[in-house]
Amino acid sequence: MKKTILKISVLGAFLFYSGSAFGQKENTSPQDSTKIRELRNSPSKEDNNRNVMLNAANNTSPRDVNIGLPSTVGGITILENDLPVVYFFWPELPNKTWRQSVGLEKTGLLKMEQLSNTMGDLGFAVNSYSQTGTMDLQVKGKFTTSNFGWLQSDLNVSGPVTKNGWTYTAGAFLNYDPSTFKLGFARNVDETKIFRAGVTKYFPENKGRITALYKYADSYNIGNYAVFQYGENGKVTELDDFRIGRDSYVVNDGLTKMKDIRTGQDYWASMDGKSNTTTSHNIDVFGNYLLNNGWNFKFSTRFHFAKTALSTIIPLSIFQADESAGFALASSGIPYSGNIGTQLAMHTPKTPTTNIAGRFSLQKQIGNHNVTVGLLEQYFKINGFTSNRSFFFQTVGAQPQRLIGPGTDSDGFYNYNVGGEYHSGTENKLSVFASDEWKVTDNFSLNYGLHLRNHNVDGEFSLTPRSPGFTFENTPFTKISHNWFHIAGSVNATYNINKNFGLIANFLYTEENRRLESYSQAFDPNTNKIKSPLGALGIFWNTDYIQLISQATLLHRNNYLNRFNLVNPSNSTQAETVTVYYDIQTLGWTTDFVLKPFKGFNLHYLITFQDPVYKNFKFDAFGKDYDYSEKNVLGVAKVLMEIDPSYTIDKWKFWASFRYFSKQYANLTNVLYFAPRWETFGGVNYTFNKNLNVGATIINFLNQRGASGTINGAELITDARPYYGKLLTGTYIMPFTAQLSINFNF
């Protein structure tokens, strides 16, 4: 299983956005409230898009927007200039080439039906556009720091080159983030550098513009887990010698020993530096041109070339051993007794990927119809992706030490390449799409779209089982060759009963099959079509003081594929990788409103009730059959609430954000769970003048401790009582963190 990253999320944002429709101003409709929400996501007012861009888990990525399904490794989809910043999140994660930056002219949240209609995909997307050249000199910058030593510098300069419409843009983003915990081998948990340079030509008579932009990115990021004592009612207790979010559970030298699955050569990989760094070169050509017949031609093309190396360590279990068990510190040979952590190490040597994409569309207002037709092309090539594997033991505590024990080699590693991965080849997606925003009558609006896609997958993989010490030397590869046709689209209807009150109905549908990544392991994956129908019904009510939507949604998605690193509940030293196919169904109800009772005060409130459950979830492991159908989905709360008050007076703005999550199940049997929790943000901004402002942000200002996500190695246990008082590992929210930013714009 690839590293699972928990993304903090809110289902209700989906219901709010998908409830929007286009209508004329004299008939107040959900589109009016959508415009308010889009303004809240405007890059010109960073605090207004905090609900998407502030992440309670880290500083590197936007938060996910939950739709009642578990979040992916890659989190929320990120678009730049109307194209995904990476073709697929593995092995190149989006945050390795994209960050929220002054080098972006605009950032917002793309509605779910828009992603379905234009990209044929399910979910939300952060939609961003690069800063282009400007007719006047503009200098934008931001400096950010924190009480933990985070240093981020962000600068962009743009201006004219000639008087006939040629302009330039250039920028640099530098991030040196030690996060909130101290590693034993490096200062920074995240180190990212992004440089941009481009030219823009403005066409005469406001016909449009064209931009050519180059971007270079260099990034590595190190993940961390927490050790805690699990107790009754899903509560966790912090250990005396391990602070959640403040201490590192990454082996103190940051090194793992691997066996190259292709050559059999042993080598050492590090968690920082070249062993865990992605570098990429990106060339975008994008813009628009207004044709003489009134059609607006919009285009965006991308040439993206990357080399990705990944180092990951995932905790599997914790057990106790005395000196008679034969464990010793690898660094000194001193015998060791006490708590021991079983760790899975994964390393992908530098792997080249190529992504060539283009999106072209024509848009025009024709009577009561706003029509868009377009073409989308996405080509992806990955050359020999491998994930080398090994297992090792370590002490349990801050900056743990590696151990030598029974069954390990002299460096403390064993089971090389058990579960190792390989695939190589190309994918190509060619799509046509169309949408129409139709004002049928003064009271009735209908928006609909259709996306037709041909998806070709061509490559190779291996069906040979990965036994300990496995390599691909003299091993045959199996051909991959598929060609699939997919349909996606949406229909959204809005009916105004009166000026302020009305009904909304939505239907959305997407299809897909598999990707090259699905062929990484030693089996031929199920390639049956993955279908995701979604239906919703609701009401809206808009006045000068309140904009409200309340809506119920039903979503079903079939043929999930997941690989679990399971630990035998009868013997915690035994681990097995199991592939499971299953479905998920979610029934949800969300109410979302924005309240403006008096000048300067704004309150956003959202509450969601949902019931995501597994369907057809069956597998066998350690010689036993398991069936987890109707169990609750891991890591997804049934009740979500968000309270976002803000108050502006003169040059000051005070804001806060409170996110509530009901209990979240932490293992497949649902006997382990995390107690309900709040995540809190707050801040104050002061505007000196139109050119300069400063902001202070506090993350987790209630200073809550606790873990979240899933409990590694506990997927199969059926009785929680033996785990009370037991040491476990899991993900967590950031501890109390103070951040200061200075923004300037000239």
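Which residue of strand 4 does Ile 78 stand opposite?

1. Confidence. The structure is a predicted model. The mean pLDDT of the protein is 89, and 92% of the residues reach at least 70. Residues 1-50, however, have a pLDDT below 50, although this stretch makes 190 contacts in the model beyond near neighbours in sequence. The placement of residues 1-50 should be read with that score in mind.

2. Four strands form an open sheet in the order 2-1-4-3, and their pairing is mixed. The edges are taken by strand 2 (83-84) and strand 3 (104-110); each has a single partner strand, so one side of each lacks a neighbour in the sheet.

3. Strands 1 and 4. Strand 1 (residues 77-80) runs parallel to strand 4 (residues 125-130), and four bridges join the two. As to the opening question, Ile 78 stands opposite Val 126 in strand 4.

4. Helix 4. Residues 112-119 form helix 4, which lies across strand 1, strand 2, strand 3 and strand 4.

5. Pro 597. Another point concerns a loop: Pro 597 is located between strand 27 (571-595) and strand 28 (601-610). Its relative accessibility is 39%, so Pro 597 counts as partly exposed, a class that lies between buried, under 20%, and exposed, over 50%. Pro 597 and Glu 630 are 33 residues apart along the chain, and their C-alpha atoms are separated by 43 Å.

Technical notes:
Residues numbered from 1 in each chain as written. Predicted model: local features only at pLDDT ≥ 70, side-chain atom pairs only at ≥ 80, totals over all residues. Heavy atoms only, no water. pLDDT = per-residue confidence, 0-100. Contact = heavy atoms within 4.5 Å. Pairing = 2+ DSSP bridges. Axes fitted to C-alpha atoms, helices over the stretch in contact; angles between N-to-C directions. Buried < 20%, exposed > 50% of the residue type's maximum accessible area, 1.4 Å probe, protein only.
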